[in-house]
Amino acid sequence: MQHEAYWWREAAIYQIYVRSFADSNGDGEGDLAGIRERLPHLAELGVDALWLTPFYVSPLADGGYDVADYRDVDPRFGTLEDFDDLLKAAHDLGIRMIIDVVPNHSSSAHRWFREAVDAAPGDPARARYIFRDGKGPDGEEPPNNWKSIFGGPAWTRLKRPDGTPEQWYLHLFDAEQPDFDWTHQEVHDEFDDVLRFWLDRGVDGFRIDVAHGMVKDPALPDIDPDAKADLLDGSTSLPYFDQDGVHEIYRRWSAIAASYPGDRTLVAEAWVEDAARVARYLRPDELHQAFNFEYLTAPWDAARLREVIDGSLAANGAVGATTTWVLSNHDVTRHVTRFGGGEQGLRRARAATLLMLGLPGSVYLYQGEELGLPEVTDLPEDALQDPTWKRSGHTDRGRDGCRVPLPWEGEAAPFGFGPQGSAPWLPVPPEWAGLTRAAQRGVEGSTLELYTTALRLRRESEALGDGTMRWLDAPEGVLYFEREPGVRVAVNLTEAPVDLDASGEPLVSSAPVEGPVEGTLHLPAESAVWLRS
């Protein structure tokens with residue numbers, strides 16, 4: 001069901017990893033013009049909005065999440081004119097667009113950081129970032145024991161041109177991603193202006209990268225030596241994540257977004273595992289949505305999924321916010337592989353899709369999941385570009401496996417990702433020939449057709465999208481609920497078929513189903529169905 005007001009409450013939002021979506025000019029990297037050319041495919045799929053990962057000027061030390069200029073497009077992705085053309089084309093098709101904003105850190109190539117490096121300790125130019133003197137003799141030890149998310153220490157020491165070591169700077173991610181100091185008013189003013197720059201161009205909102213970061217405990221205390229430096233550790237015990245000070249920033253940003261027409265939205269990437277803590281970001285005067293990472297990381301287990309679903313709906317409902325559901329993104333292993341890989345992984349992934357699309361709220365889809373793409377786990381080591389690979393001492397392959405360019409058409413890799421003869425920035429597996437969009441389009445039973453059908457039904461039905469749900473009695477290992485008026489969702493998470501007391505016409509299923517006959521539905525192993533009740 002689609003309502004114009006507060007569109008994000010039930011939207012299906014499709015994440016585009018720009019570098020890997022479509023290459024228009026043959027340089028091996030996706031770009032804005034490539035997205036514009038492929039927009040009709042996304043309109044046909046039936047998504048309501050796009051989320052674009054960073055396309056800003058960047059050295060790409062971390063896939064564009066190291067921004068050197070927040071108000072321009074990196075030449076490898078196009079120009080501001082290309083962006084405006086893409087936004088207009090999307091809007092003409094009835095598709096909204098949100099973009100990434102990266103406020104926790106910049107690139108070390110950012111003008112501000114270059115000025116800070118050139119300045120002396122204590123100079124105002126350094127106040128925009130977190131510089132500190134080291135500990136120990138001659139300051140040779142880092143200011144504290146914080147660890148980088150990508151491996152190694154979270155501090156790097158500067159050296160003068162003559163080699164003399166001096167202060168350290170904080171980077172919770174790569175050394176080329178220095179953290180801003182959000183106690184400095186100039187940082188607040190800068191990002192206010194960045195938001196307005198893109199809102200003035202017509203974007204429909206922002207996805208806020210590391211939204212639970214930004215503010216640090218001013219004492220910069222040591223952490224437990226055994227604490228894991230991980231985005232998934234949303235614990236408030238970490239003095240650099242989920243600090244109360246972030247909420248004042250978001251109240252300010254919410255007022256900026258509300259000053260523009262058209263229901264602009266703010267979405268938090270807040271890796272905070274406790275649903276009640278996540279909900280604090282969604283109070284009426286703060287952000288509109290937060291990614292539901294507790295759901296994304298839940299195992300293939302009916303009891304645990306029900307617990308997460310109930311907890312998410314309760315926590316978000318308490319602050320009047322809608323709940324989001326997500327299975328994959330550019331930072332995690334694709335869910336076909338997470339769910340076991342191969343035929344079983346795809347079977348579970350298809351069932352999980354109908355579960356997700358049947359729940360109350362909005363959904364985020366990651367490019368390629370509508371094709372049933374698995375993680376690419378055997379990329380050549382010399383092709384890996386994620387900074388995690390290097391900073392982990394070549395022990396963690398990082399996230400490149402979920403960022404492999406999309407297969408569009410044709411019989412040979414890279415399957416239409418770019419012009420014929422061009423080589424993509426990551427190799428595309430030849431075994432994806434049967435997974436291309438062209439190979440699946442219009443083919444009954446394909447994963448693409450499953451997504452297209454489910455998204456169409458979700459849009460057309462008064463029962464689906466925003467609203468409420470009611471659990472129904474079901475055997476162990478089965479999730480069964482009703483969306484009123486008139487749709488029931490059944491998901492068998494067990495490895496054996498089950499007979500379910502159910503009636504109504506099947507609307508869409510992840511696998512062929514039998515019945516219902518005389519009130520009994522035969523539901524295959526690891527499958528899902530929507531029924532008209």
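Student: What percentage of the contacts with a separation of 6 or more comes from residues 24 or more positions apart?

Tutor: The model before us is predicted. Among its contacts with a separation of 6 or more, those between residues 24 or more positions apart make up 67%.

Student: What radius of gyration does the chain have, and why does it count as compact as a globular protein of its length?

Tutor: The chain is built with 13 helices and 21 strands. For 533 residues the globule rule gives 24 Å, and the chain comes close to that value, so it is as compact as a globular protein of that length. The radius of gyration of the chain is 24 Å.

Student: What share of the residues is buried?

Tutor: A residue is buried when its relative accessible area is under 20%.

Student: Which residues touch the most other members of the largest nonpolar core?

Tutor: In soluble globular proteins, nonpolar side chains tend to be buried together. Here the largest nonpolar core holds 144 residues, and helix α10 (residues 342-358) supplies its largest share, seven residues. The members that touch the most others are Leu-52 and Trp-253.

Student: Which residues does Leu-52 contact beyond its neighbours within four places in sequence?

Tutor: With those neighbours left aside, the contacts of Leu-52 include Asp-100.

Key:
Residues numbered from 1 in each chain as written. Predicted model: local features only at pLDDT ≥ 70, side-chain atom pairs only at ≥ 80, totals over all residues. Heavy atoms only, no water. Core = buried A, V, L, I, M, F, W, Y, C linked by side-chain atoms within 4.5 Å. Buried < 20%, exposed > 50% of the residue type's maximum accessible area, 1.4 Å probe, protein only. Helix = DSSP H or I, 4+ residues; strand = E, 2+ residues; numbered from the N terminus. Contact = heavy atoms within 4.5 Å. Rg over C-alpha atoms; globule rule 2.2 N^0.38 Å.
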